[in-house]
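Here is a short report for a reader meeting this structure for the first time. Please look over the sequence and the model before reading on.

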Amino acid sequence: MKKKSASQSAFFKLRVLVAVLLCFAAITLVLFAFGKASAQPRPPAQNPQPVIRAQYRGVMPVVNFDISPPLRSMKPLLPKGCTLRENEEEGPIPLGPVGRVVPDPVVQRVLGKIGIPGPIISFDGNSNLCGCSPPDPNGAVGPNNVVTMANLHFQIFDKSGNSLFGPAANNTLWSGFGGPCQTENAGDPVVLYDQLADRWILTQFTGAGPAFFECVAVSQTSDPTGSYFRYAISTGANFPDYPKGGVWPDAYYFSTREFLPNGNFAGAGAYALDRAQALAGNPNPTIVGFLAPPTPAYVVGDGLLPSSLDGQTPPPAGSPNFFVGSQDDNGPYGAPSDGLTFWKFHYDPGTPGNSTFMMTTTLATQPFNSILGLCGGTRNCIPQPSTANKIDHLGYRQRPLFRFAYRNFGDHESLVTNQSVSAGTGPSGEVSGIRWWELRDPNGSPVIFQEGTYAPGLTDGIHRWMGSIAMNSLGDIALGFSASNSTVFPSVFYTARHDGDPPGQMTLGEGSIKDGVGSQTGSPRWGDYTALVPDPTDDTTFWYINEYLSSTGAVPWRLRIGAFNLAGGATPTPSPTVTPTATPTATATPTATIPPSPTPTPSIPESPTPTPTATATATPGHPPPTPRPRPTPHPRP
């Protein structure tokens with residue numbers, strides 16, 4: 001064997017040393033890269049589940065249609081009293097969290113450090129005339145008007161807070177229409193404003209049976225005090241509890257929580273009312289219906305929420321409407337994980353039978369717990385001053401809260417929604433907070449872009465719940481909500497963030513539409529939903545409709561309406577008033593008229609047209625705001 005020279009041996013050792021160093025360097029780079037990547041926030045993985053297709057119910061019948069006289073010429077009816085508040089009492093209310101409670105990893109424990117501008121305007125809406133609860137306050141805003149609805153009545157204002165019509169019982173809208181839509185005032189109302197068409201949509205359900213209806217009124221013009229196309233849409237023998245609506249270019253979409261005649265839960269209903277036909281006053285528009293199965297129960301939970309378009313930029317052509325639900329592994333329905341169920345509703349106007357409604361994925365969220373242990377298996381959760389009575393949190397309901405607000409920014413599509421949750425335990429005990437989410441790429445690979453639990457109550461002891469969330473054209477996100485504790489009367493607050501601020505954080509402090517002045521000492525029920533909507537005039541101002549107590553007592557709730565702009569400033573200038581077109585003669589019912597209910601509701605006595613309500617007053621922020629000039633929006637990721 002030939003012996004290596006000294007120089008060859010040295011060269012060989014050098015090569016081995018270099019190889020070892022390069023290998024070490026490569027391993028170091030890999031470990032560094034892995035550590036760096038794992039330290040960055042990553043979008044939650046999708047929870048693999050099979051696609052769930054809802055049962056196609058066919059084209060649903062319009063049982064009655066007409067064109068109303070101008071609303072301004074109709075006499076407002078007075079609400080006569082309370083109806084049984086739907087099926088909200090049904091379903092399990094857990095004594096406490098069902099499974100192991102994981103600390104909320106995205107909780108915001110303190111108020112944002114940047115002052116938020118106070119409200120531009122704040123004024124009272126309709127009040128409780130009959131001792132009923134809950135009010136379910138909501139509304140919508142157009143170029144010149146604010147329209148609000150509660151379970152008893154509705155009211156139309158100009159944007160200075162002057163009443164133009166009402167308050168009037170909701171079934172005033174269907175005076176002379178016939179059937180349960182006229183004789184019942186069952187509630188669960190929804191107001192929508194179609195910004196693309198400059199029209200209004202007002203709805204409520206019927207509850208007496210044996211046949212049930214969603215009563216829909218679509219304004220004939222941009223004037224909400226004018227005439228309406230009126231529809232009675234049958235859901236058959238299924239009671240359509242908790243209807244919620246959304247505006248989309250191809251249809252008006254509605255969700256329901258349906259019950260069989262024997263009281264058993266039938267599943268989540270989903271409906272598409274052909275928008276073009278409804279706007280044209282077609283007496284028999286196409287309405288496609290689906291029913292999502294009630295099992296597994298956690299998939300539909302306590303209801304789904306359709307998306308609703310904000311802004312003038314529609315979704316990409318052919319986009320389905322998106323529905324969302326929520327599931328909590330500490331909730332009552334056996335969910336395997338915390339998540340948002342994501343659904344797509346494709347409406348085919350040419351061949352309605354080709355329409356589809358399906359759950360396409362479950363988006364895994366950061367852990368949250370919707371069950372408050374302090375409730376003790378009841379609705380009575382939120383403390384108030386000067387009374388031992390507590391009011392409803394409703395977080396145990398497995399569903400996001402109105403609205404599922406959609407906006408197309410051109411370079412991306414975003415949707416936002418929220419749900420009341422337990423934020424954990426602070427110095428004063430367990431407190432309520434609001435988990436909110438922003439979703440992106442809904443028709444591609446949907447992802448939770450950011451999420452957070454707004455809960456400064458962990459520091460200040462104030463419970464925050466019953467939220468509504470929206471985005472404006474700048475990408476700012478605002479959140480309105482109820483707030484209360486043993487020293488703070490139930491109040492109407494709001495917070496917000498600018499586009500590009502740290503993800504998951506409401507950075508702009510907190511403002512007050514109305515500081516509460518009383519506690520509710522009767523029913524524990526609170527509003528089941530509220531409404532935060534952008535002003536279509538400037539597309540940056542937000543309007544919020546919620547409730548407060550005008551004095552301590554049984555249920556003296558009153559609606560409160562307010563507007564705020566994150567850059568401060570005045571109320572957006574109304575658009576020029578459009579002269580309403582002439583009202584066509586009412587069209588005859590296209591099919592059989594609605595048979596009278598077995599136990600007709602007595603007619604509500606008419607009242608004289610009320611005088612305008614008190615002039616609106618501005619309310620300072622809470623705490624005192626320190627407005628800042630609106631910065632140039634940050635580039636969107």
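## A right-handed disulfide

The model is predicted. Start with Cys 375 and Cys 381. The torsion about their S-S bond is about 125°, so this disulfide is right-handed. The two sulfur atoms lie 1.9 Å apart. Both cysteines, Cys 375 and Cys 381, are buried.

A disulfide is a covalent bond between the sulfur atoms of two cysteines. This structure holds two of them.

## A left-handed disulfide

The other pair is Cys 181 and Cys 215, with sulfur atoms 2.1 Å apart. Here the torsion about the S-S bond is about -90°, so the disulfide is left-handed. Cys 181 sits in helix H2, residues 180-183, and Cys 215 in strand E13, residues 212-219, so the bond ties together parts that are 34 residues apart in sequence.

Are these two cysteines buried or exposed? Cys 181 has a relative accessibility of 1%, so this residue counts as buried. Cys 215 also has a relative accessible area of 1%, and is therefore buried. The cut-off for buried is under 20%.

## Phe 213 in strand E13

Strand E13 holds Phe 213 as well. Its relative accessible area is 4%, so Phe 213 is buried.

Ser 234 is 21 residues away in sequence. From C-alpha to C-alpha, Phe 213 and Ser 234 are 4.5 Å apart.

Next comes strand E15, residues 239-247. How many of its nine residues are buried? The count is nine of nine, and the strand is mostly covered.

E15 pairs with strand E16, residues 251-259. The pairing is antiparallel and runs over seven bridges. Together E15 and E16 form a hairpin, with three residues between them.

Strands of a sheet pair through backbone hydrogen bonds, either parallel or antiparallel.

Strand E34 covers residues 542-549 and strand E35 covers residues 557-564. They run antiparallel and are joined by eight bridges. Glu 547 stands opposite Leu 559 in E35.

## The whole chain

The protein chain has five helices and 35 strands. It has 637 residues, and buried residues make up 59% of them.

Contacts across the sequence can be summed up too. Take the contacts with a separation of 6 or more: residues 24 or more positions apart account for 68% of these. The accessible surface of the chain comes to about 23,200 Å². Carbon and sulfur atoms hold 61% of that surface.

Key
Residues are numbered from 1 along each chain as its sequence is written. This is a predicted model: local features need pLDDT of at least 70, side-chain atom pairs count only at pLDDT 80 or more; totals for chains, interfaces and linings use all residues. Side-chain values use heavy atoms; hydrogens and water are left out. A disulfide is a pair of cysteine sulfur atoms within 2.5 Å. Helices (H or I, at least four residues) and strands (E, at least two) are DSSP runs, numbered from the N terminus. Buried means under 20% relative accessible area, exposed over 50%, partly exposed in between (1.4 Å probe, protein chains only). Two strands pair if DSSP finds at least two bridges between them. Contact means heavy atoms within 4.5 Å. Accessible areas come from the Shrake-Rupley method with a 1.4 Å probe; for residues, only the protein chains shown count as cover.
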